[in-house]
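Please take a moment to look over the chain shown here before reading on.

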Amino acid sequence: MKKRLRTFINIIFTLLCAPATATAATATDINVVADSIEERNTATVDTLKKTKHKVNIYDLPYSTKTSCPDWGRMWLHTGVLYAAGIATLGVLELLPDNATAWNKERVRSIPFWKRWPYHVSRGPVWDGDNFIFNYILHPYAGAVYYMGARSIGFNKLGSFLYCTAISTLFWEYGIEAFMEKPSIQDLILTPLSGLLTGECFYKLKRKIVSDGYRLWGSRTWGNIVAFLIDPVNELIGLFAGNPCRQALKRKSQLNVSCMPWATPMDGGTF
């Protein structure tokens, strides 16, 4: 009887422990694969840097930790974003008051050089901006800021920090502070949505790039979506070169065969 009871207890113990052991083994396997990818990416980046070749993060396996930033391109991106921000502020200035919730009469009553310290010293506040600005355009802008860094080699953390800096210092406490007080919603939602939505955009663009700028089998859709999810990099790429498109051209040239073929009269091929 004791022997049967001991056998039964061993069976129950095995059944209870097996799932936990399998889960632990699976988690360990995932970590090993991730570490292996990270090590391989690091070795590739180091090799390319030694040969003075620029690293294109889209040529490397997907990783959230691999970092190979192009600092020169980053400053170019920041300048483009600054110019776009000023242009956006000009467009918002032309919109009616009920679209932006700005009291333009009050704003214009304050001298321009006093607006920024006036608004910054009285913020941040819970703003009453239109829903589309707070919960659609600002999160999209955060994803664009994030992609601006992610596509030029920054890892997930670096891209999030860049997105946070641009959305807070550059916009909320920068350009927009000349028109209104910094917004609590925008300070929170823009960088967080940039991290979450931006990483999804990055994965989608990796798929588009790996398929030769095609989406759903169409190059038209591939290019449209690529511009929508990564507008800064795609726009700058038109003038300063796009590493992804340059790599695609090289692959296309390598796939073209110039080998002549001849068919003799008595059959066979040469």
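An axis is here a line fitted to C-alpha atoms, for a helix over the stretch in contact, and the angle between two axes is taken between their N-to-C directions, running from 0 to 180 degrees. With that in mind, and remembering that this is a predicted model, one can turn to helix H8, which spans residues 184-210, and helix H9, which spans residues 219-229, whose axes come within 10 Å and cross at roughly 150 degrees. H8 is therefore roughly antiparallel to H9, since angles over 145 degrees count as such. The crossing of these two helices, H8 and H9, is left-handed.

Which residues bring H8 and H9 into contact? From H8 come Phe201, Leu204, Lys205 and Ile208, and they meet Gly222, Val225, Ala226 and Ile229 in H9. Sorted by class, the residues in this contact of H8 with H9 are 6 nonpolar, 1 polar and 1 charged.

Among the contacts in the chain with a separation of 6 or more, 69% are accounted for by residues 24 or more positions apart.

Asn56 lies in the loop between helix H1, residues 2-50, and helix H2, residues 71-94. Is Asn56 buried or exposed? Its relative accessible area is 9%, and because buried means under 20%, Asn56 counts as buried. Leaving aside neighbours within four places in sequence, Asn56 is in contact with Pro243 and Cys244.

Tyr118, by comparison, is found in helix H5, which covers residues 112-121. Its relative accessibility is 28%, and Tyr118 therefore counts as partly exposed, a class that lies between the buried limit of 20% and the exposed limit of 50%. If residues up to four places away in sequence are not counted, Tyr118 touches Arg106 and Ile110. The C-alpha atoms of Tyr118 and Ala177 are separated by 8.8 Å, although these two residues are 59 residues apart along the chain.

Key
Residues numbered from 1 in each chain as written. Predicted model: local features only at pLDDT ≥ 70, side-chain atom pairs only at ≥ 80, totals over all residues. Heavy atoms only, no water. Helix = DSSP H or I, 4+ residues; strand = E, 2+ residues; numbered from the N terminus. Parallel < 35°, antiparallel > 145°, perpendicular 65-115°, else oblique. Left-handed = near helix turned anticlockwise from the far one by under 90°. Contact = heavy atoms within 4.5 Å. Nonpolar A, V, L, I, M, F, W, Y, C, P; charged D, E, K, R; others polar. Buried < 20%, exposed > 50% of the residue type's maximum accessible area, 1.4 Å probe, protein only.
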